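This report looks at two side chains and their surroundings. Please keep the sequence and the structure at hand.

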Amino acid sequence: MSVNKKTSNFREFLSYYKPYKGLFAANMFAAVMTAVLSLALPLCVRHITSDILTSSTSNVLPEILRTGALMIAIIIVQTCTGTFNDWMGHVMGAKIERNLRAELFTHYQKLPFSFYDSKNTGELMSRLTNDLWSIAEVYHHVPIMALTYIIQFVGSIVILLYINSRLAVLIFAVLMAIALYVVIFYRKLQKAYKTNLERIADVNTAAQENLSGIRIVKTFANEDAELKKFSIENNRFYESRANIYKNESMLFSLVEYFFTPLITVVIVVAGGIWIASGTLEIASLLVFVMYVAYLTGPIPKLAELIPFFQSGFVGFVRFREIMDTIPDISDAENAVELEVTSGHVEFENVSFRYSKEHEYILRNINLEVQPGETVAVVGRSGIGKSTLCSLIPRLYEVGDGAVRIDGADVRDVTLNSLRKQIGVVRQETFLFAGTVMENILYGKSDATAEEAIEAAKKANAHDFITELPNRYATDIGQRGVKLSGGQQQRLSIARVFLKNPPILIFDEATSSLDMESEKAIMESLNALAEGRTAFIIAHRLSTIRNADRIIVLTDDGITEQGKHDELIALGGTYYKLYNEYENYF
């Protein structure tokens, strides 16, 4: 049986109250007390004006003082319950927001490369920040405010019906007109809030891309172009926000400035007529006017709750869109821990495409790599070299066929144990903000400082590190911007040395470096590859000519393989690549 998605989302929304049901219940009780006590104050006024002052008792002062004391007590208790709601309600919302953010961030870690290929960082950040803040506000405000206002609204109607049913019916007719008006604008606001959340995500994306690439922007003197791109997104956000304000003003302004005063006019005119005819007491009209504040006050507030809830709920729907994205790469039900004993890697009739809508990038790949062998993968740009090697640690999932390590299908072992056995050095290094030592220890968080230093020495990084202002405690800046490209790469290699995996993947690890840096990096890579199974994806001939085997990848799969001299003598695809690019592949 199919499930209504909106209903399903709403149930999911409510489920996040469960860990804090005690706090939620306390907030709801405080909201009820606040609303009920607010309704009691006009009744105290009516008791003084209608009962005490019209009684035949000569000394009414003690009774008035007692009623006044009761009213002060009501105000004190109401202040306490209202303060509790404002404080602990926000605390509850913040706790739920914390849980949602942790859940979403955890889910981000589980999603595969294919998910991030189609998403941008700014949008994902917006869902982690802006959307969740809106949701937290709804978790706090909507139930408390709704319960308070509904009790005040319904309670006022009941009391007014008791005092004078005819006048109450007239007021109710005006309220029905207000309700109809609110319904008309509900869908417009719903659409406007959804568009606004999408637009702020676009603004975040534009800003994030610019700030991440600010050095490239300045290098190419493209500040004006970036400003133009950002202005477009910023203006689109402004237009969506302006549309919200237009619809909100059409809703709230008419409710607050037209319908609410209209109720007062109805009460005063109709009440005045009935007082003149002797069918209504002045004391009752006074209480009616006082209750109008409790009756009409919740009306614009309840109207405001609708788009307020809608805005937060749209954010929750966007949150669920991510959470409902099922990782297409996960542990099998009976997955076992992988223990690499030799490092034998085999591609068995492997084919791959990014999705059903895409063409196959790899077709019928058969390759057997012996333990300790260094295999270079070459081919034209975009042919699938990096994708082929990404299938080994399951960064992408094999479409057909199988990838095996020491005879075990990589899909039958746990992702954690699989990826711990594989070290990857990429062309684009990524270093975290922090110290040199913290970045090396990322390869093995429980390693000692001595082990990290030894790894740096093996990666030819120790000498330049000791020349830094604070040696291993030097802060390297966001993404390691305080280091040169060669220094960044050597730190990333030190990280892999510390990890000490039996299988290595070098993904164009030296293509962006100068010749001097490349030489130092190659010495580190050769030392790292010794005794391990290694895959080298490369353009530069210098990085692959000494490989144990070179395989040539084309649209038809692996068409050639052998040593450098053998492939040159063959005069095929490799020979043409060599002649075309000489020392660059």
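The model is predicted.

**Histidine 107**

Histidine 107 sits in helix H3, which covers residues 61–110. Its relative accessibility is 9%. The cut-off for buried is under 20%, so histidine 107 counts as buried. Beyond residues up to four places away in sequence, histidine 107 touches Ile322, Met323, Thr325 and Pro327. The backbone oxygen of threonine 325 is reached at 2.9 Å.

**Glutamate 226**

Glutamate 226 belongs to helix H9, residues 223–276. This residue counts as buried because its relative accessibility is 18%. Leaving out residues up to four places away in sequence, glutamate 226 is in contact with Asn210 and Val217. Its side chain also makes a polar contact with the side chain of lysine 229, at 3.2 Å. Alanine 146 lies 80 residues from glutamate 226 along the chain, and 45 Å separates their C-alpha atoms.

| Side chain | Partner | Distance |
|---|---|---|
| glutamate 226 | lysine 229, side chain | 3.2 Å |

Conventions:
Residues numbered from 1 in each chain as written. Predicted model: local features only at pLDDT ≥ 70, side-chain atom pairs only at ≥ 80, totals over all residues. Heavy atoms only, no water. Helix = DSSP H or I, 4+ residues; strand = E, 2+ residues; numbered from the N terminus. Buried < 20%, exposed > 50% of the residue type's maximum accessible area, 1.4 Å probe, protein only. Contact = heavy atoms within 4.5 Å. Polar contact = N/O pair within 3.5 Å; in protein donor to acceptor, adjacent residues only side chain to side chain.
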